[in-house]
Amino acid sequence: MIPDPTEQAGDASWMRRALALAEGVMYRTSPNPRVGCVIVRDGRVIGEGATQPVGGPHAEVCALRDAQARGESVQGATVYVTLEPCSHHGRTPPCVDALIAAAPARVVVAMGDPNPRVNGEGLARLRAAGIAVAAGVCRDEALALNIGFVARMSRGTPWLWAKMAASLDGRSALPNGRSQWITGEAARADGHHWRARSCAVLTGIDTVLADNPRLDVRHVTTTRPPRKIVLDSTLRMPPDARMLDGTETWIFTAREDAGRAAELAARNARIICLPDAAGRVDLAAVMRWLGQHEINEVHAEAGATLTGALLQAGCVDELLVYMAPMLLGEGAGMARLPVLEALEQARRFEFIDVCRIGADIRVRAQDPARLAQASAAATPALRA
């Protein structure tokens, strides 16, 4: 059967409304995905909602409750939801049960849920109940909102972007180490959005010792600030560091030091020892540990040494680069990487967005293989 192009266009329009609802809860749903739901009958919205913070109702239930509050019946309506309805008992009951009970005529889904406990089961149960299902509408937009959730569910590790600020000639600091400020205030404020949407902000001990950053999200209003993470192989973290502000901080180290650990614990810092064979923090093990602890997205904001180490360890999925219209000449590069013998050895990324932020530009580039893997995981599994 050939899809009706008029119906497809209408589906995309309503799905984008659901995506806008999902984007509206960007900073507060994790580790749950950001999901929006719109219920439509005869060209008008009769209910809509978005996923609430952990433990609260999911988008579908919020939309069904909204329809009930408006005095509307969902029977025979069309439901647009940005993620396949869950089919398992987690912190809340299965959303697919609530939808089946409401008896809509049709459910349109943007992307599949790669959670092994769902992964097509939600769509199969809707079909088994006699509800028509369409899937894959605005899938790429939905994936962009939840790429970290998809990564964690499909490969067991979070999606990590490395944030860098540099001059046009790729310098992140002067030879004397000074780097504040290469980019302007607008770029720095925009960077706080990326901090706030992540589950965790990661840096290295050298950055802490050199800049004493707060690593907070003071330019963004959120009830769920990201967790702070420091990679500190020899546990040099000073207990009076500004980022130890009472919120829990995770410090990954490669050596045990009970005395220093006790000092840091008094500042609400948790010490996790994950050494590699060379006596440094095992970066791949850190990513696995974060995935096991429900971290979807990681915002890495570090110096050239740690950024280079993350790239070499295969931990970086995306580059988030702010470029200032200036030339610095000699100085530190954005990432310290080994010397290559041939261009074929270069780690390649794909530009996905370039935009102006104040006087600077922001460039986003993703690893195409990682993006393809996430895209495949988000493609709805259509079971018979």
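Setting aside residues up to four places away in sequence, S87 touches P94, V96, R117, V118, E121, G122 and R125. The model is a predicted one.

**S87**
- S87 sits in the loop that runs between β3 (78-83) and α3.
- S87 counts as buried because its relative accessibility is 13%, and buried means under 20%.

**A102**
- Helix α3 covers residues 95-102, and A102 is placed in this helix.
- Beyond its neighbours within four places in sequence, A102 has contacts with L64, V74 and Q75.
- Between A102 and N212 there are 54 Å in space, C-alpha to C-alpha, and the two are 110 residues apart in sequence.

**Nonpolar cores**
- The largest nonpolar core has 54 residues, and within this core M15 and I39 touch the most other members.
- Another core, of 32 residues, lies apart from the largest one, and among its residues are A285, A300, L310 and L319.
- M15 is in contact with Y80, V81, T82, V108, V109, A110, V137 and C138, leaving aside neighbours within four places in sequence.

**Helix α7**
- Helix α7 takes in residues 185-197, which are 13 residues.
- At 1.5 Å a residue, α7 should span 18 Å, and its end C-alpha atoms are 19 Å apart, so the two values agree.
- The buried residues in α7 include A187, D190, G191 and H192.
- W194, R195, A196 and R197 in α7 are also buried.

Conventions
Residues numbered from 1 in each chain as written. Predicted model: local features only at pLDDT ≥ 70, side-chain atom pairs only at ≥ 80, totals over all residues. Heavy atoms only, no water. Helix = DSSP H or I, 4+ residues; strand = E, 2+ residues; numbered from the N terminus. Contact = heavy atoms within 4.5 Å. Buried < 20%, exposed > 50% of the residue type's maximum accessible area, 1.4 Å probe, protein only. Core = buried A, V, L, I, M, F, W, Y, C linked by side-chain atoms within 4.5 Å. Expected span 1.5 Å × (residues − 1).
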